[in-house]
Amino acid sequence: RSGRSAALRARMEERLLGARFRYLNQQLYTGSSRDAARLFRADPAAFHLYHRGFERQVRRWPERPVQRIVRYLRRRPASLVVADFGCGDCTLAASVRNQVHCFDLVPLSPRVTVCDMAEVPLVAESVDVAVFCLALMGTNLQEILGEANRVLKLGGTLIVAEVASRFEDTRAFLKGMAQLGFRIVSKDLSSSYFYLLEFTKTGAARPGPAPGLRLRPCLYKRR
Ligand code: SAH
């Protein structure tokens, strides 16, 4: 009997965690990066819960996008300086020889610099590669990607890995990116789970609205 009630309790806890994860996830994708920063500052436990839920989702995928980015960086010089926006547990930094600046809202690892990715503590034109791996969550995409433009050197590389279903109009998105000073170099759409996009910084972000720069929120269904 006690075995059965323990199993029941575990199942209910699991359900509750799943529901909280989906709620947090929805908040992150429907608010600005600043709202996310405020949310996690007020409730660090929510962040850890979010990460457990994130891990459970991504484990179902045949390949983690961060591993593809690791492979990409290993093919390029280790002298390139990298900025990892929304680094999570710092898998990227731990897997390459490059200097990697790791930014996230709460430190899952001592390597993390805690900040909102819309405002990172780096001087202008100081990094060679900027990475957003499943991290373009806030609705203020233009501001966030504008920050990546600011810290990237001219000719530097921007890597974006995002859930495939978030792209509603890829052409419009790429046009918006061009407005922000990023030219597409390669699109890897081979995974049905995520797109891997590589851009080059061609210049400063042009001011004014970039209406194409929109991604659908990534909402998970109840399982
Ligand atoms: N890049 C990692 C983690 C992806 S999960 C990987 O691929 O494994 C998305 C990460 O972005 C989370 O760790 C989340 O906390 C972070 N994030 C979301 N909004 C952020 C913001 N405004 N500023 C900094 N990090 C943010």
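Predicted model: local features only at pLDDT ≥ 70, side-chain atom pairs only at ≥ 80, totals over all residues.
Which polar backbone atom lies 2.9 Å from a nitrogen atom of the ligand? The atom belongs to cysteine 133.

**The ligand and its surroundings**

The ligand is surrounded by 17 residues, and the closest are His51, Gly86, Asp104, Met117 and Cys133.

| Residue | Atom of the residue | Atom of the ligand | Distance |
|---|---|---|---|
| Aspartate 104 | N or O atom in the side chain | oxygen | 2.6 Å |
| Cysteine 133 | polar backbone atom | nitrogen | 2.9 Å |
| Aspartate 116 | polar side-chain atom | nitrogen | 3.0 Å |

In soluble globular proteins, nonpolar side chains tend to be buried together. The largest nonpolar core of this model holds 41 residues, of which Phe40, Tyr50, Ile69, Leu73, Leu92 and Val131 touch the most other members. Helix α3, residues 44-59, supplies the largest share of this core, namely six residues. Both domain 1 (1-59) and domain 2 (65-201) contribute to this core, with at least three residues from each. Another core, of 35 residues, lies apart from it; among its members are Leu136, Val151, Leu152 and Leu197.

Leucine 73 is located in helix α4. Its relative accessibility is 1%, and leucine 73 therefore counts as buried. When neighbours within four places in sequence are set aside, leucine 73 is in contact with Val82, Leu92, Val96 and Val129. Valine 131, with residues up to four places away in sequence not counted, touches Ile69, Val82, Ala83, Asp84, Phe85, Leu92 and Ile159.

**Aromatic pairs**

A pair of aromatic rings is described by the distance of the centres and the angle of the planes. Across the whole structure, a search finds 11 aromatic pairs. In one of them, the ring centres of phenylalanine 40 and tyrosine 50 are 6.5 Å apart and the planes stand at 45°, so this pair is tilted. Phenylalanine 40 belongs to helix α2 (residues 33-42) and tyrosine 50 to helix α3, and the pair links parts of the chain 10 residues apart. Phenylalanine 40 and tyrosine 50 are both buried.

A further pair is formed by tryptophan 61 and phenylalanine 194: the centres of the rings are 6.1 Å apart and the planes are at 15°, so the pair is stacked. Because tryptophan 61 sits in the loop between α3 and α4 (65-74) and phenylalanine 194 in strand β7 (residues 194-201), the pair ties together parts that are 133 residues apart in sequence. Tryptophan 61 counts as buried because its relative accessibility is 12%, and phenylalanine 194 counts as buried because its value is 1%.

Ring pairs also join Phe21, Phe40, Phe47, Tyr50 and Phe54 into a cluster.

**Helix α7**

Which residues of helix α7 (residues 170-179) are buried? They are Phe173, Leu174, Gly176, Met177 and Gln179. The buried residues of α7 pack against α6 (141-151) and against the strands β5 (152-163), β6 (182-188) and β7. After α7 comes glycine 181, which has a positive phi, near 90°.

Conventions. Residues numbered from 1 in each chain as written. Heavy atoms only, no water. Core = buried A, V, L, I, M, F, W, Y, C linked by side-chain atoms within 4.5 Å. Buried < 20%, exposed > 50% of the residue type's maximum accessible area, 1.4 Å probe, protein only. Helix = DSSP H or I, 4+ residues; strand = E, 2+ residues; numbered from the N terminus. Domains from an automatic or database assignment. Contact = heavy atoms within 4.5 Å. Phe/Tyr/Trp six-rings, centres within 6.5 Å; stacked < 30°, edge-to-face > 60°. Near = heavy atom within 4 Å. Polar contact = N/O pair within 3.5 Å; in protein donor to acceptor, adjacent residues only side chain to side chain.
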